[in-house]
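Subject: Structure handover

Hello,

Here is the structure you asked about. Please look it over alongside the notes that follow.

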Amino acid sequence: MKVKNIQLLNFRNYKDFSISFYDHVNILIGANARGKTNLMESIYFLSIAKSFRTLKQNDLIKIGEKVAHVKGTIESTKRIKDIQCSISENEKKLTIDGFVIKKYGEFIGNFNVVLFTPDDLSLVKAAPMNRRKFLDIELSKISPIYMYSLNKYNILLKEKNIYLKTVDKNKIDSIYLDVLDDQLIEVSKDIILYRKDFINKLNKKIKDIYLLFHLDNEYIQLEYDCFIKDKQIKDVYKECRKSDIKYCQSSKGIHKEDVKILINNLPASIYASQGQQRTIVLAIKIALIDIIKEEIGEYPVLLLDDVLSELDNSRKEMLLSILNKEIQTFITTTSIEGINHDIVEKAKKIYIK
């Protein structure tokens, strides 16, 4: 996939802006707070109609304006698409080739990107919800079935939690809870299978990728911390019924799971150095690119937002060396001085002032 061009209207600090991109590497160069990451964010927004920096879509609208537009021409092996996202205070309108997309599931997957930001470097030490979010976003891009199952699960979970919080504890309808639990169990089975398969695919790739960055004989692995362990899902739900009622929420389920990251079979969050943690996340992101290529038949667009400044020279050189010529890549940096690499020489350089 390639972003051929993008047009911004009242998006962040861009009043009225348009630009075309090179099919290989595009380097956005400029001082801090000039709009490099804003431009990167707009490309990401075209992919999943969400920001990687804020949960409030109003933050994306230029101060003093009421609506913002992001439009891009996306080239894939199948066809060329014009994707547009319009944002107002209470609404988000998504269109592809002029046709309004009403269901989010029909929008996501039309344009795939892999994003790497300095915040991702904390993925190893971050809370479980961050790793679950990573799983859910990346799986939803390549599997509409997974996204449908996850949405269904979240709707059922919300319904159950609302009931637990509002019902009189002396008037609990066990049959109603049984029905909800049965539905949650069925959809959980599909989600668990997808997560296991995805993590297995990552594990097959990250070991060799990690070794490209590290000469030491280190071994990294992802471990799916599934909530059912060696029990049946139905048994776990039965065991949790009393505590669910007591604390007015679903205490166990796929919404509480984690992905453990291990280095030489030890928790990377404790035993990995800062450099090792950065390399682990790099390996995961690069492996993700290959998985998307295998699943949908083409590479995603790669976004590297201020990542080079976080890497030492050896990791920086290695990252640039493994960038595939078929992958359109965007890099933000304050300066390209000292980065002596053929990819940088041939890249399109965009100066943001």
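The lining of the second largest pocket has five nonpolar, five polar and six charged residues. Ala, Val, Leu, Ile, Met, Phe, Trp, Tyr, Cys and Pro count as nonpolar, Asp, Glu, Lys and Arg as charged, and the others, Gly among them, as polar. This is a predicted model, in which local features need pLDDT of at least 70 and side-chain atom pairs count only at pLDDT 80 or more, while totals for chains, interfaces and linings use all residues. Residues are numbered from 1 along each chain as its sequence is written, and side-chain values use heavy atoms, with hydrogens and water left out.

The volume of the second largest pocket is about 240 Å³. Of its 16 lining residues, Lys78, Gly109, Asn110, Asn112 and Ile296 are the closest to its centre. At least two lining residues each come from helix H2 (104-107), H3 and helix H8 (274-296). A pocket here is an open set of points on a 1 Å grid over the protein atoms alone, where a 1.4 Å probe fits, with protein on both sides within 12 Å along at least five of seven lines; lining residues have an atom within 4 Å of a point. Grid points are joined across faces, edges and corners, and a volume is the space filled by probe spheres set on the points. Helices (H or I, at least four residues) and strands (E, at least two) are DSSP runs, numbered from the N terminus.

The largest pocket has a volume of about 1,200 Å³. It is lined by 43 residues, and those closest to its centre are Tyr44, Asn130, Lys133, Phe134 and Ile137. Helix H1 (36-48), helix H3 (128-142) and helix H4 (144-166) are the elements giving two or more residues to this lining. H3 provides the largest share, ten residues. By class, the lining of the largest pocket holds 20 nonpolar, ten polar and 13 charged residues.

On the cysteines: the whole structure has zero disulfides (pairs of cysteine sulfur atoms within 2.5 Å). For Cys240, the nearest cysteine sulfur is that of Cys226, 13 Å away. Cys240 is buried, at 9% relative accessible area (buried means under 20%, exposed over 50%, partly exposed in between, with a 1.4 Å probe and protein chains only). Cys248 has its nearest cysteine sulfur, that of Cys240, 15 Å away. Cys248 is also buried, at 18%.

Finally, Asn10 lies in strand S1 (residues 2-11) and is buried, with a relative accessible area of 6%. Not counting residues up to four places away in sequence, Asn10 touches Lys15, Leu60, Ile61, Lys62, Glu65, Val67 and Ala68, where contact means heavy atoms within 4.5 Å.

Regards
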